[in-house]
Amino acid sequence: MRIVIAGGHGKIALLLEELLAARGDGVVGLIRNPDHAADVAGTGAAPVVCDLESASLEDVAVHLDRADAVVFAAGAGPGSGTARKDTVDRAASVLLADAAERAGVHRFVQISSMGAGRPPEPGRDEVWAAYIEAKTAAEEDLRRRDLDWTILRPGRLTDDPATGRVRLEESVPRGAVTRADVARVIAALLDTPGTAGRTLELVGGDTPIEDAVRAGARS
């Protein structure tokens with residue numbers, strides 16, 4: 001497959017790029033900062049500079065030409081304010097979905113966040129609230145589209161080694177999950193068309209990833 005990953009220098013994206021490239025997929029990582037190109041190339045992916053906060057629809061669609069799938073792994077990241085939660089976590093996802101439609105790429109995996117889809121928790125700061133609202137709006141936009149989308153909502157992310165075992169369901173209790181396991185789940189989702197149209201929450205668990213993804217597919 002040829003897979004384009006937006007937010008190609010993120011921690012999950014770098015792990016995913018390495019996994020996909022190692023198994024023989026053609027992988028493109030869209031990055032904002034040219035200084036990150038060497039890190040992306042080191043995974044076996046092809047870095048492409050494309051700032052989703054300023055690029056046009058046509059600019060992005062060109063990079064999706066002949067792709068089999070796209071993954072939205074971009075995020076404003078820690079330290080960013082409320083404005084960039086909207087311009088990256090919402091608007092960049094909308095732009096990527098627009099470009100996927102323009103380029104005729106139907107498979108779209110969106111990394112969202114546990115907590116999306118409901119009001120922000122009371123007592124959290126305004127930046128967190130803006131983040132959850134942006135993720136919720138991005139999900140809602142994607143669900144309205146005629147794409148083979150899957151929305152993945154990971155729990156609290158850690159940098160621990162992969163376990164290969166998770167809990168992946170429509171709703172799960174809050175918990176943590178390793179970024180390495182998130183990357184493995186995304187790779188499995190890309191291989192499982194039956195997960196299109198599903199919104200799945202993800203935390204660490206006891207089920208092997210391949211089994212958890214198969215169980216998450218529509219019959």
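**Briefing on a predicted single-chain model**

The protein chain contains seven helices and 12 strands. Its radius of gyration is 16 Å, close to the 17 Å that the globule rule gives for 219 residues, so the chain is as compact as a globular protein of that length.

**Overall form and packing**
- Taken along the principal axes, the box filled by the C-alpha atoms of the protein chain is roughly 40 × 40 × 35 Å.
- Of the 219 residues in the protein chain, 49% are buried.
- Among contacts in the protein chain with a separation of 6 or more, 66% are between residues 24 or more positions apart.

**Surface and charge**
- The protein chain has an accessible surface of about 9,800 Å², and carbon and sulfur atoms contribute 49% of that area.
- There are 26 positive and 34 negative side chains in the protein chain, and the centres of these two sets lie 3 Å apart.

**The nine-stranded sheet**
- Nine strands form an open sheet with mixed pairing, in the order S3-S2-S1-S4-S5-S7-S11-S9-S12, and its edges are strand S3 (46-49) and strand S12 (207-208), each of which pairs on one side only.
- Within a sheet, strands pair through backbone hydrogen bonds, in either a parallel or an antiparallel manner.
- Strand S1 (residues 2-6) and strand S4 (residues 69-72) run parallel and are joined by four bridges, with Ile3 standing opposite Ala69 in S4.

Notes:
Residues are numbered from 1 along each chain as its sequence is written. This is a predicted model: local features need pLDDT of at least 70, side-chain atom pairs count only at pLDDT 80 or more; totals for chains, interfaces and linings use all residues. Side-chain values use heavy atoms; hydrogens and water are left out. Helices (H or I, at least four residues) and strands (E, at least two) are DSSP runs, numbered from the N terminus. The radius of gyration is taken over C-alpha atoms; the globule rule is 2.2 Å times the number of residues to the power 0.38. Buried means under 20% relative accessible area, exposed over 50%, partly exposed in between (1.4 Å probe, protein chains only). Contact means heavy atoms within 4.5 Å. Accessible areas come from the Shrake-Rupley method with a 1.4 Å probe; for residues, only the protein chains shown count as cover. Lys and Arg count as positive and Asp and Glu as negative; His and the chain ends are not counted. The place of a charge is taken as NZ of Lys, CZ of Arg, CG of Asp or CD of Glu. Two strands pair if DSSP finds at least two bridges between them.
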